[in-house]
Amino acid sequence: MTRLLNFALLLALCLLTGCASGPKFTVDDGRQVDETLLAGMRAYGAGERLLRPAIARSAALKDKECDKQWELPFAVATSAGWSENDRVAWARALQVDERLTIIAATEDSPLPLGARIDHVAGQASHDGERLLEWLAEARDNGRPFTVGQPGGKGVRVTPFEVCRGYTRLAPPNTPQLQDYHWLLSLHPLEVTQAEPTPDEALWMVLWTQGLSEEGGARMKTYHYALKIGGTLYNLATLASGVKAAAVAADAAISAAKNAAANVASDLLKQQLIDQGKALAVQRIREGLTDAAQQISRQQVVGVMQAAAANRGALSGVSRIAATAFERADAWAFTRMAALGAPPLAGFTLHQKLIERRLAMNAFLFDADRLAALNKVAAARGFETDVVAILGGLRADSLLAQIGAMPLASAQSTFSFDSPDDPGAGRFSRGLVDALLDMPAETARKK
């Protein structure tokens, strides 16, 4: 009787004081979720697991010439702010909940894959986005700091320095997003379908840094309202999948399409439409292609034309960046060699993308870029190797067959006083540029 009375009193006390266990976090309850979004989340996680070690490898470059940014030995994600169904999708795809979750890590990371973070540099919270802000601030201080896990001891995290130009992936809800900026580039998730090797992932990182170094001055001139360090931008440098950035990405996609309609030539616009339709039909018919398959010269030409159209249809700051793509190729080539990595990794990645007809990204070369980088490789004795990688096709013959498709210069395409100037709208300069001036709360209200 006494035990029963004590239990009743304890139950009443809990009801009165709300002594339920701590906050509840989303788990996978088996419900139906958006399969396209789920696939995007899985691709995002796979890409982060590939890129994070490559980013760490790039730190060994220690290039005195380049501007620097701070990076971390792990990548994080959070489902905070997403709808209930989408939170379940995060849990199913990557075992991510509202807390900060480690989704990729280097071999020497103090936190393993799947670890949760609930406090950063002495500040505790269950809000993933707030933790992201603290994590970005601690990272950019460049000094060791402590992060903690629920019920565990704090661990020491040491940021490391790399050449400027964060390499990040598009949010899972906008997998086709491309945005090239001197501070951060977002690459579409389709590049993960090529299953890049660790060396090809290093190429992606070095290329992105090279774009910042080689095209940064040009892009800074176009960014006439320079402001570094907006709240939403800081979050995006850590987790492209954060909901506020993902919402902004939707708006950026729409603005980019509108801007491209104004700045792309009729030829490039029509090519983009035609090639996009052809590639979509081909993918539906063939499904996933075998990476080792042989494709005809005409198919190679068609995919490279699509790459040229993709480059030509970029808008805002990305279009300025596109004028420096060849220079980024050469920068990455020489830095791969400096790190003791295969300098031809850019060619092998290009060929994988060709074989899978994935042309809507910056890593499949158009004819002009392929010919320019081939000259760099040939000067170092790699011409025969490049021909072998390209399936026996020569870069100069492909260029001759495709014909010159020069990208219009920024000066002739843009007028800063024109009403058609893509800088006229918040997102029309690109997602990254908009994030620099946007607090996270603004995007959440969209």
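## Exercises on side-chain contacts

R164 and D67 form a salt bridge, with their closest N and O atoms 2.8 Å apart. The model behind these exercises is predicted.

**Exercise 1.** Find which parts of the chain the R164–D67 pair ties together, and classify each partner as buried or partly exposed.

*Solution.* 
- Step 1: Place the residues. R164 lies in the loop between β9 (160–163) and β10 (166–169). D67 lies in the loop between α2 and β1 (68–71).
- Step 2: Buried means under 20% relative accessible area. R164 has 7%, so R164 is buried. D67 has 38% and counts as partly exposed.

**Exercise 2.** State how many salt bridges the whole structure holds, then trace the network that includes R31.

*Solution.* 
- Step 1: Take the total. A search of the whole structure gives 17 salt bridges.
- Step 2: Start from R31. Its partner E84 is reached with closest N and O atoms 2.9 Å apart.
- Step 3: Locate both ends. R31 sits in the loop between α1 (2–17) and α2 (35–58), and E84 in helix α3 (residues 84–94), so the pair ties together parts 53 residues apart in sequence.
- Step 4: D29 joins R31 and E84 in a network of salt bridges.
- Step 5: Compare with the surface. R31 is partly exposed at 24% relative accessible area. E84 is partly exposed too, at 46%.

**Exercise 3.** R99 takes part in a salt bridge and also sits over a ring. Identify both partners.

*Solution.* 
- Step 1: The side chains of D97 and R99 meet in a salt bridge, 2.6 Å from N to O.
- Step 2: Find the ring. The charged end of R99 sits over the ring of F25, 3.9 Å from its centre.
- Step 3: Check burial. D97 is buried at 2% relative accessible area. R99 is buried at 14%.

**Exercise 4.** Count the aromatic pairs in the structure, then work out the geometry of W207 with F325.

*Solution.* 
- Step 1: Take the count. The whole structure contains 8 aromatic pairs.
- Step 2: Read the geometry. The ring centres of W207 and F325 are 5.1 Å apart. Their planes stand at 70°, so the pair is edge-to-face. The cut-off is over 60 degrees.
- Step 3: W207 is in helix α5 (residues 198–222) and F325 in helix α11 (residues 325–338), 118 residues apart.
- Step 4: Check burial. Both W207 and F325 are buried.
- Step 5: Widen the view. Y180, W207, F325 and F363 make up one aromatic cluster.

**Exercise 5.** Classify the ring pair F333 and F382, and say where each residue lies.

*Solution.* 
- Step 1: Read the geometry. The centres are 6.2 Å apart and the planes at 75°, so F333 and F382 are edge-to-face.
- Step 2: Place the residues. F333 is in helix α11; F382 is in the loop between α13 (367–379) and α14 (383–389). They are 49 residues apart.
- Step 3: F333 is buried at 1% relative accessible area. F382 is partly exposed at 24%.

How values were computed: Residues numbered from 1 in each chain as written. Predicted model: local features only at pLDDT ≥ 70, side-chain atom pairs only at ≥ 80, totals over all residues. Heavy atoms only, no water. Phe/Tyr/Trp six-rings, centres within 6.5 Å; stacked < 30°, edge-to-face > 60°. Helix = DSSP H or I, 4+ residues; strand = E, 2+ residues; numbered from the N terminus. Buried < 20%, exposed > 50% of the residue type's maximum accessible area, 1.4 Å probe, protein only. Lys NZ or Arg CZ within 6 Å of the ring centre and 35° of its normal. Salt bridge = Lys/Arg side-chain N within 4 Å of Asp/Glu carboxyl O.
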